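Here is a short report on one protein model. Look over the sequence and the structure, then read on.

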Amino acid sequence: MHSILAHVATWIISVISAMGYGGVVLLMAIESACIPLPSEVIMPFAGYLVSTGELNLFWVATAGAIGCNLGSIPAYWAGQYGGRAFILRWGKWVLIGEDELAKAERFFDRFGSFSILIGRMLPVIRSFIAFPAGMARMNLWRFHIYTFVGSWPFCYLLALIGKHLGAAWNNDPRLHAIMSKLDIVVVVAIVAAGAFYVWHRVRGMRKG
């Protein structure tokens, strides 16, 4: 597991470094398609590149929100055309458990269409809220508008955190004394976050 996550970490770094905004769109689309690739790692690294002047904070958040929209399309269609039974049957391949889906369904039932807007700012719910929207056949244009508007501040906040951490790393010699290479810090953080993310998903599915 450690080896796999280390490779994933290296891949995330290389994708954003090589593709810039396009890499952010791609990775956030993968995450929004319910594939275990945590946005809590993707966006802060993009924010670090903002601190170095390679990217712009506004456009990083916008790229992240666009990726959320694109990645939500397969999940929306799965809910619309396959229904709950389809998701429960095949969701295990991307670590979607009945518990996560049930939480998203309850949230959507409570808040209706506005759950897309609100849910995109909440952990766990944001990753699965597209399924009940598809099952309810929510208007597609409204779904995309709410997804973008709800995702943008979430992406902005994570990128802003990464920007400030990156600035602290570049300006504080004490951080340099801890680890001399940024890549080491990033890889360790991604591996730790990714391991917890996958472990939480698998644990939740076993309980279900």
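A polar contact of 3.5 Å joins the side chains of Glu31 and Ser32. A polar contact is a pair of N or O atoms within 3.5 Å; within protein, one must be able to donate a hydrogen and the other to accept it, and residues adjacent in sequence count only if both atoms are side-chain atoms. Glu31 lies in helix H2, residues 21–32. Its relative accessibility is 2%, so Glu31 counts as buried. Buried means under 20% relative accessible area, exposed means over 50%, and partly exposed is in between (1.4 Å probe, protein chains only). Not counting residues up to four places away in sequence, Glu31 touches Leu37, Pro38, Ser39, Ile42, Arg126 and Ser127. A contact means heavy atoms within 4.5 Å.

This is a predicted model, where local features need pLDDT of at least 70, side-chain atom pairs count only at pLDDT 80 or more, and totals for chains, interfaces and linings use all residues. Residues are numbered from 1 along each chain as its sequence is written, and side-chain values use heavy atoms, with hydrogens and water left out.

**The whole chain**

The protein chain has eleven helices and zero strands. Helices (H or I, at least four residues) and strands (E, at least two) are DSSP runs, numbered from the N terminus. Of the 208 residues in the chain, 47% are buried. Now take the contacts in the chain with a separation of 6 or more: residues 24 or more positions apart account for 72% of them. The chain exposes about 10,600 Å², and carbon and sulfur atoms supply 68% of that area. Such areas come from the Shrake-Rupley method with a 1.4 Å probe; for residues, only the protein chains shown count as cover.

**Nonpolar cores**

Which residues have the most contacts inside the largest nonpolar core? They are Ile16, Val24, Leu27, Met28, Met43 and Val60, in a core of 26 residues. A nonpolar core is a set of buried Ala, Val, Leu, Ile, Met, Phe, Trp, Tyr and Cys residues joined through side-chain atoms within 4.5 Å. Helix H1 (2–19), H2, helix H3 (39–51), helix H4 (57–90) and helix H9 (140–171) each give two or more residues to this core. H3 supplies the largest share, seven residues. A second, separate core has 17 residues, including Ala104, Ile125, Ile129 and Ala133.

Val60 shows some of the packing. Leaving aside neighbours within four places in sequence, Val60 is in contact with Tyr21, Val24, Met43, Ala46, Val50, Leu55 and Ala159.

Val50 is found in helix H3. Val50 is buried, with a relative accessible area of 10%. Beyond residues up to four places away, Val50 touches Leu55, Asn56, Leu57, Val60 and Lys163.

Val15 sits in helix H1. This residue is buried too, because the relative accessible area of Val15 is 7%. Beyond neighbours within four places, Val15 is in contact with Gly20, Gly23, Leu26 and Leu27.

The table gives two pairs, with distances from C-alpha to C-alpha.

| Pair | Apart in sequence | Apart in space |
|---|---|---|
| Val15 and Leu26 | eleven residues | 8.6 Å |
| Val50 and Gly166 | 116 residues | 8.3 Å |

**Ser72 and the cysteines**

Ser72 is in helix H4. Is Ser72 buried or exposed? At 0% relative accessibility, Ser72 counts as buried. The side chain of Ser72 reaches the backbone oxygen of Cys68 at 2.6 Å. Another polar contact, of 2.4 Å, joins the side chains of Ser72 and Arg120. Past its neighbours within four places in sequence, Ser72 is in contact with Ser32, Arg120, Ala130, Phe143 and Thr147.

How many disulfides does a search of the whole structure find? It finds zero, where a disulfide is a pair of cysteine sulfur atoms within 2.5 Å. Cys68 is in no disulfide, and the nearest cysteine sulfur, that of Cys155, is 4.3 Å away. Cys68 counts as buried, at 0% relative accessibility. Cys155 also counts as buried, at 0%.

**Confidence**

The chain averages a pLDDT of 75, and 64% of the residues score at least 70. pLDDT is the predictor's confidence in each residue, from 0 to 100. Confidence is highest in H2, at a mean of 92, and lowest in helix H10 (residues 173–178), at 50. Over residues 178–183 the pLDDT is below 50; this stretch has seven contacts in the model beyond near neighbours in sequence. Where pLDDT is low, the predicted coordinates should not be read in detail.
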